[in-house]
Amino acid sequence: MLSQLFTALKDVQAESLHPWVNKVGKGAIYVVEISETGTPLSVRLRTTPEPLSCIYKSAENVFPIIKAKTKPNRNYETVIVTAIRNCVRFAKQLSFFEPAIAMANVEPEMWHEKFKEVWEHAKQDGILTDKDDYRKGYLLLSRGHIYTEAEYNEILKSNANSSGSIGVCILTGQQREIETHKFPSRNLPALGNTYLFARNEDIPCLSRYGRNGAASISVSKRTLSELSGKLAVITQDGWKGKTWATIQVNGHNALLLAYTDTQRVELAELLASDDDLYAIVCEKVLAALKAQTKQGANPSLVKILCVRTLDQGTKGIEFEKDIDSTALLLNLNRMLELVRQAPPFARFKKDEKVVPLSPYRIANLLEYQYRMDGGKIEVHSEYFETCLELLIGDVQAASTMLLPVALQRGTPLLLGNGNTDYKKIISMLYILRGGIMETTAFNIGRYLSVADWLHRVYCEQVRGSLPSQLIGSSYLAQTLTNPQRGFANMSLRLSPYLSWAKTRGARHAGGIVATLDKVATEIVQSGGFGTKTTDQERADILLGFHFRKPAASADESEVCEKDLQTATSVAVISAD
């Protein structure tokens, strides 16, 4: 992972960051003002939202932070006193830092008792409330000033011990001071504390050429400092959605990095958004990329990196990709244009249409095997990298690979009762199929949909109630695998409704029959019914069943069909 990060982040502009500078984890932070001898004087809740940094050499060497959180099956007094003792021990190494000088000679047990007194006084004075609980967060030691990341960096660079051996850095090829102790770590979003390189000295099989731990690899302290600074810049809180996003890959937490050296647009969110407002993100990125093109700027290289938790304590690079910003612009424009051209759904009350889906949302939909009753079972699978190709690579190859999986996972939901993912599944099939293809299979799906419409009108006017499943829906599953058999079986049940519509039906029932006749003629003229279907044909049948015919190819009678269907139809989903 170290060499890949070094290569991937080489163009990121950032000040080198001392390896000991790190962010504080999540949780409430209580500022404890201390005297020149380290005695607790007051305590208050830190309310500012800005991220907080600290000096972090290792999990047991942190300052001026005391991790006060409880631990399962551990006596809390022992936990907090041990945390204070570690803080005091590390403070003795930081003789150049004023708060550390104050804490260097503290007795941990006495300090804790005094702190509890100060805590109770703060509650009595109204500074803290009964809801405050330092056991759920951190204590920040202060001597009247809370230091920033830049201040910690400057202090450590000027004063921290930098003695070490000289050697050739394997990443830069330059002769520098080599890191021979623990490598630096960063508190990364989604991943938590992440070491750039880790090798347990106590495991003999991890030795290399007789060397263990950090000594098994030759990397300069300067290179590590620069790499740590670049990671800090690219994962800063203010750039969430622009250069980084948190995702899940095969059930594991992962960090997606997506950035370019020329722009700070929502590239990470473009690839990994799971939000219903994704269309707005797409338009913002599209506008930014178009503006760059109009200004005559050279295309920039978009770098994409996915880092995930491989197992407990181990992080690694899942994949790394590069794409020219011009290619990204073309693919994004293509997807948005495809969504704009989509006809309305035929089976919902309103004129609802396809929504754009990010590669991550498509991958999320493929993480589940859906059932006809609307339920779903999680099935871990690694399709995110392939889904990314829909925006950054070979769209046709990616669609061909993903379409069979989408059909296998989502078809049961489209055959039964809907849930909140119903429209997303249809939108996903539409995007993977590349839009509406007016094939024979598409017309077969339309015929089933119009048959549902006729059956619905008949039941409303003759029976006064709807069945649990309309006629077209009941034969959809059979038609998907064998259209010839499905239509043969359906024709036996459809005849009475056709006769009623031609003789005693409502005024618009005859128009429905005319539409059925027209679609049937198109099916026959294009080759008729087959006994087997391909993945593309099954997708077309489902799209024909759920979409109206595109307006560009609809004649006057089908415009009438749309108006009548809108007037007489409620969402068939509720009847399926």
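Reader: What is the bridge partner of Ser58 in strand 5?

Author: In this predicted model, Ser58 has Asn61 of strand 5 as its bridge partner.

Reader: How many bridges join strand 4 to strand 5, and how do the two run?

Author: Strand 4, made of residues 53-58, is joined to strand 5 by 3 bridges, and the two run antiparallel.

Reader: Which sheet are they in?

Author: They belong to an open sheet of 3 strands, in the order 1-4-5, with antiparallel pairing. Strand 1 (21-23) and strand 5 (61-63) are its edge strands, and each of these pairs on one side only. On average, neighbouring strands in this sheet are turned by 40 degrees against each other, direction ignored.

Reader: Which helix packs on that sheet?

Author: Helix 2 does, touching strand 4 and strand 5. The direction of helix 2 makes about 85 degrees with that of strand 5.

Reader: What holds strands together in general?

Author: The strands of a sheet pair through backbone hydrogen bonds, and they may be parallel or antiparallel.

Reader: How do strand 2 and strand 3 run?

Author: They run antiparallel, with 5 bridges joining strand 2 (residues 28-34) to strand 3. Within this pair, Glu33 stands opposite Ser42 of strand 3.

Reader: Changing topic: at what angle do helix 9 and helix 11 cross?

Author: The axes of helix 9 (residues 325-340) and helix 11 (residues 384-392) cross at roughly 95 degrees and come within 7 Å. The two helices are therefore roughly perpendicular.

Reader: Which residues make the contact?

Author: Helix 9 contributes Leu328, Asn331 and Leu332, while helix 11 contributes Leu390, Leu391 and Ile392.

Reader: What about helix 19: what should its 12 residues span?

Author: At 1.5 Å a residue, helix 19 (residues 535-546) should span 16 Å, and its end C-alpha atoms are 17 Å apart, which agrees. Its buried residues are Ala539, Asp540, Ile541, Leu542, Leu543, Gly544, Phe545 and His546.

Reader: What covers those buried residues?

Author: The cover includes helix 12 (395-415), helix 13 (422-433), helix 14 (440-463), helix 15 (471-474) and helix 16 (476-481).

Reader: One more residue. Where is Asp274 found?

Author: Asp274 is in the loop between helix 7 (267-272) and helix 8 (278-294). With a relative accessible area of 40%, Asp274 is partly exposed.

Reader: Leaving aside its neighbours within four places, what is Asp274 in contact with?

Author: Beyond those sequence neighbours, Asp274 is in contact with Tyr360, Arg361 and Asn364.

Reader: Finally, how many helices and strands does the chain have?

Author: The chain has 20 helices and 17 strands. Of its 576 residues, 52% count as buried.

Conventions. Residues numbered from 1 in each chain as written. Predicted model: local features only at pLDDT ≥ 70, side-chain atom pairs only at ≥ 80, totals over all residues. Heavy atoms only, no water. Pairing = 2+ DSSP bridges. Helix = DSSP H or I, 4+ residues; strand = E, 2+ residues; numbered from the N terminus. Axes fitted to C-alpha atoms, helices over the stretch in contact; angles between N-to-C directions. Contact = heavy atoms within 4.5 Å. Expected span 1.5 Å × (residues − 1). Buried < 20%, exposed > 50% of the residue type's maximum accessible area, 1.4 Å probe, protein only. Parallel < 35°, antiparallel > 145°, perpendicular 65-115°, else oblique.
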